Amino acid sequence: MGRRKTVRQCISMIYDVPMASPLQPAQASTTAIRTAIRRLGMPLPSALSPQIRLYQVPGAVAAWQGVGEPVAGLGARCPFWAEIWPGGEAMARFLLDAPDTVSARVVYDLGAGCGVGAIAAARAGAARARAVDCDLAAVTAVSLNATLNAVTVASELADPLDGPLPEGVDVILAADLWYEPWLARRTTAWLRRAAKAGITVLVADPGRAHLPRSGLVELACYPVPTSLDTERAALTPTRVFRIDRDARI
Ligand SMILES: C[S@@+](CC[C@H](N)C(=O)[O-])C[C@H]1O[C@@H](n2cnc3c(N)ncnc32)[C@H](O)[C@@H]1O
């Protein structure tokens with residue numbers, strides 16, 4: 001069986017599971033998704049932080065881009081969780097290089113995907129790591145990946161962007177969330193509110209078109225190995241920023 005067929009099978013096994021509603025899934029759905037991820041994903045190391053391993057399906061996003069229709073709105077049917085995005089790679093490396101940023105603090109990984117940011121935060125000594133995603137498959141993958149890395153991460157199914165800021169959170173991570181204009185607008189507004197409220201907001205981004213051009217303080221830049229299919233480059237410079245709480249962005 002060709003690799004491409006395997007990836008397509010994985011995607012349909014996971015996303016063809018009937019769900020009561022995207023945000024109110026039946027317990028059976030989670031179990032089926034967990035089985036599918038374990039069966040077809042491979043525990044592979046992060047490129048920049050090989051001490052972290054995650055269930056990944058190499059080529060899944062490219063396959064989805066080739067076979068599926070983009071979904072309006074949340075875009076939840078793309079298997080984002082099946083690969084570590086350049087932003088996630090850079091964010092994880094940064095947290096492991098600068099553990100004081102999250103040590104003994106409560107960390108909230110927005111749009112966690114596979115959960116690499118939250119897992120790195122836990123590894124770096126966070127008091128609590130929360131991984132939040134609007135896709136049940138991502139939330140399920142985060143739980144499996146936390147277990148794989150022997151860390152505790154609270155994996156939460158939610159789209160928080162139209163609601164209040166999370167309570168008791170010291171640091172918000174936002175890696176690779178500026179790929180669509182509608183998501184970029186909502187994410188930027190919410191994160192800016194969080195920064196103004198005194199939360200440390202870290203952004204990691206490989207130069208996506210919709211990242212704000214101002215109000216960001218650069219903290220680090222990493223050359224991330226990337227796929228020619230999805231990023232059209234073998235190495236993509238990916239920056240980690242802090243949102244300046246006093247700036248307009
Ligand atoms: C490109 S992936 C990045 C994943 C991870 N941060 C990384 O860098 O590897 C974007 C993730 O954000 C999630 N997402 C998109 N919109 C969201 C929203 N409004 N609320 C929560 N999660 C969202 C998607 O489901 C997806 O898992």
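Over which residues does the pLDDT stay under 50, with 11 contacts beyond four places in sequence in the model? Select residues 67-76: pLDDT stays under 50 there, and the model has 11 contacts for this stretch beyond four places in sequence. The structure on display is a predicted model, and the tour therefore begins with its confidence values.

**Confidence along the chain**

Colour the chain by pLDDT. The average is 87, and 83% of the residues score at least 70. A further stretch to select is residues 18-27, where the pLDDT is below 50 and where the model has 11 contacts beyond near neighbours in sequence. Among the elements of the chain, helix H1 (residues 3-15) has the lowest mean pLDDT, 64, whereas H5 has the highest, 99.

**The whole chain**

Switch to a cartoon view. The chain contains 8 helices and 9 strands. Of its 249 residues, 44% count as buried. Among contacts with a separation of 6 or more, 68% join residues 24 or more positions apart.

**The ligand shell**

Select the ligand and the residues around it. The shell holds 26 residues, the closest being Phe80, Gly88, Gly111, Gly113 and Ala175. By class, 17 of the shell residues are nonpolar, 5 are polar and 4 are charged. At least two shell residues come from each of helix H4 (86-97), helix H5 (116-123) and strand E4 (128-133).

**The nonpolar core**

Next, display the largest nonpolar core, which has 69 residues. Met91, Ala118, Ala121, Val142 and Leu173 have the most contacts inside this core. Helix H6 (residues 136-148) gives the most to the core, with 8 residues. In soluble globular proteins, nonpolar side chains tend to be buried together.

Centre the view on Met91. Leaving aside residues up to four places away in sequence, Met91 touches Gly117, Ala120, Leu173, Ala175, Leu202, Ala204 and Val240.

**Helix H7 and its surroundings**

Move to helix H7 (residues 181-196). Its 16 residues reach 22 Å from the first C-alpha to the last, close to the 22 Å expected at 1.5 Å a residue. Show the side chains of Thr187, Thr188, Trp190, Leu191, Ala194 and Ala195, which are buried in H7. The cover over the buried residues of H7 includes strand E6 (171-175), strand E7 (200-205) and strand E9 (235-243). Just after H7, select glycine 198, which takes a positive phi of about 100°.

Select aspartate 176, in the loop between E6 and H7. Aspartate 176 has a positive phi of about 60° although it is not a glycine. Is this residue, aspartate 176, buried or exposed? Aspartate 176 is buried, because 24 other C-beta atoms lie within 10 Å.

Then select alanine 150, in the loop between H6 and strand E5 (154-157). The phi of alanine 150 is near 55°, again a positive value in a residue other than glycine. Alanine 150 counts as exposed because it has 9 C-beta neighbours inside 10 Å.

**A last stop at threonine 31**

Finish in helix H2 (residues 27-40), where threonine 31 lies. Threonine 31 counts as exposed because it has 12 C-beta neighbours inside 10 Å. Draw a distance from threonine 31 to threonine 140: the two are 109 residues apart in sequence and 8.8 Å apart in space, C-alpha to C-alpha.

Note on methods:
Residues numbered from 1 in each chain as written. Predicted model: local features only at pLDDT ≥ 70, side-chain atom pairs only at ≥ 80, totals over all residues. Near = placed C-beta within 6 Å. Helix = DSSP H or I, 4+ residues; strand = E, 2+ residues; numbered from the N terminus. Nonpolar A, V, L, I, M, F, W, Y, C, P; charged D, E, K, R; others polar. Core = buried A, V, L, I, M, F, W, Y, C linked by C-beta atoms within 7 Å. Buried ≥ 20, exposed ≤ 12 C-beta atoms within 10 Å, placed from the backbone. Contact = placed C-beta atoms within 7 Å. Expected span 1.5 Å × (residues − 1). pLDDT = per-residue confidence, 0-100.
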